[in-house]
Amino acid sequence: MPASDLCRLSASEVVALTTSGKLLVEDYVKALIAHVEAREPTVQAWAYFDKDLIIKNAKALDALPADKRGPLHGVCVGVKDVILTKDMPTQHNSPIYKGDHPALDAACILTLRASGALIFGKTHTTEFATCQKGPVTCNPHDPTRTPGGSSSGSGAVVGDFQVPISLGTQTGGSTLRPGSYNGIYALKPTWNAISREGLKIYSLTCDTLGLYARTTADLELLAKVFRLEDDTSPAPVTLKGAKFGFTKTSVWEKAEQPIRDAYALAAKLLEAEGAIVEEVELPEEFTTLQEHYRAILAGEGRSSFLGDYLGSKDQLDPLIVSHVENSTNVSRADQLAAYDFISALRPKMDAIASKYTVLVTPSVTSEAPVTEEPFRFTGDASFQLMWSVLHTPVINVPGFKGPNGMPIGLTLVAPRYHDQALLKAAEAVGKCWEAKGGFQSAL
């Protein structure tokens, strides 16, 4: 198989070949390395990349007997550089942690390694996965545009066929936004369904590990590895007769015309397949949710970054400094009120979502914005904030094209701990939208 074809393999296809002995992991990673070396000057997605280490680990995987090969044998994974990896530095895109190398793995990395995955490198992030000032990474579909953030590199490397899967994180919209901008699937599971031990914490209430792939089959493979199990195993979804709740949410006015067009086309495509589509207007109490989200983020950011602030305030982004100094004057009473208010909304959202196969809502406000120096804005996260703080599983499903030829995705939402049901819905919906939504990657 030509090296260019190896780069386009899904994780599921890689596993089938490596476990059967038809493909050496070493040959596979050499093809990926060549592709990275060709594309890195343009995309600039990797914060740490050591090809000698990659080949060494590939040879070790090839040496394993067949009965010791795991469900991700030889699959290469990009890892956001706020997640600890014992054999690579974790630098958080911060001068404070430049070259920092804790010799331990995050819990999610332990799980991946035990399952046979090969950690391919560390991907660029915004500083501590917080601020909206982007790293050097460019969108692979148009290098003049942002790949999104804060999981900038993780979204770009999957969209650019440099690895089949990668890890991001989401506090606001940091997994789903790069998913839409890079034209790939992006899953934010139910909050805390995957351990966050070993991840840099911004908000204990919101931070969630995110998963990127180019196919739903690969996300299902990862879901099995991370044991994202529903109480009842869901059946495959058939679009005919399935019921979809389209919800614009309280931030609809931020949706630019390309997003509104994709939203309308998505409904028409599902209806053409025999699905039932209903517009869902959320209760009034959900309109103030973003205000409470911001109170939680300010309060938790205040404690999360205190140590960095005390030791290296002059090296921190102003947003982080403002959290620690509580520049928005969020009181502890405000924080408690926000916790209680949103806690009460979570079961109400579960009840709304449970009436439908899934809810459908925008992932982003626009196509990927053009990058402007020096701020390098990574895009507006408004459509994702509520799902992060409500703890629901959400997935970006690609397929639509904006006026500048850039990919656009929409978000599917399920009740908490219905991650497998969400993936079943995404599989059926994705086939429809990818085939008829208008976007075709030129990469």
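Student: Is C432 buried or exposed?
Tutor: C432 is buried, at 5% relative accessibility. Buried means under 20% relative accessible area, exposed over 50%, partly exposed in between (1.4 Å probe, protein chains only). This is a predicted model: local features need pLDDT of at least 70, side-chain atom pairs count only at pLDDT 80 or more, and totals for chains, interfaces and linings use all residues. Residues are numbered from 1 along each chain as its sequence is written, and side-chain values use heavy atoms, with hydrogens and water left out.

Student: New topic. How many salt bridges are there?
Tutor: The whole structure has 16. A salt bridge is a side-chain nitrogen of Lys or Arg within 4 Å of a carboxyl oxygen of Asp or Glu.

Student: What does E37 pair with?
Tutor: E37 bridges to K51, with the closest N and O atoms 3.1 Å apart. E37 is partly exposed, at 42% relative accessible area. K51 is partly exposed as well, at 39%.

Student: And which residue does D160 bridge to?
Tutor: That partner is R39, with the closest N and O atoms 2.9 Å apart. D160 is buried, at 2% relative accessibility.

Student: Which residues form a network of salt bridges?
Tutor: D87, D105 and R113 are linked that way.
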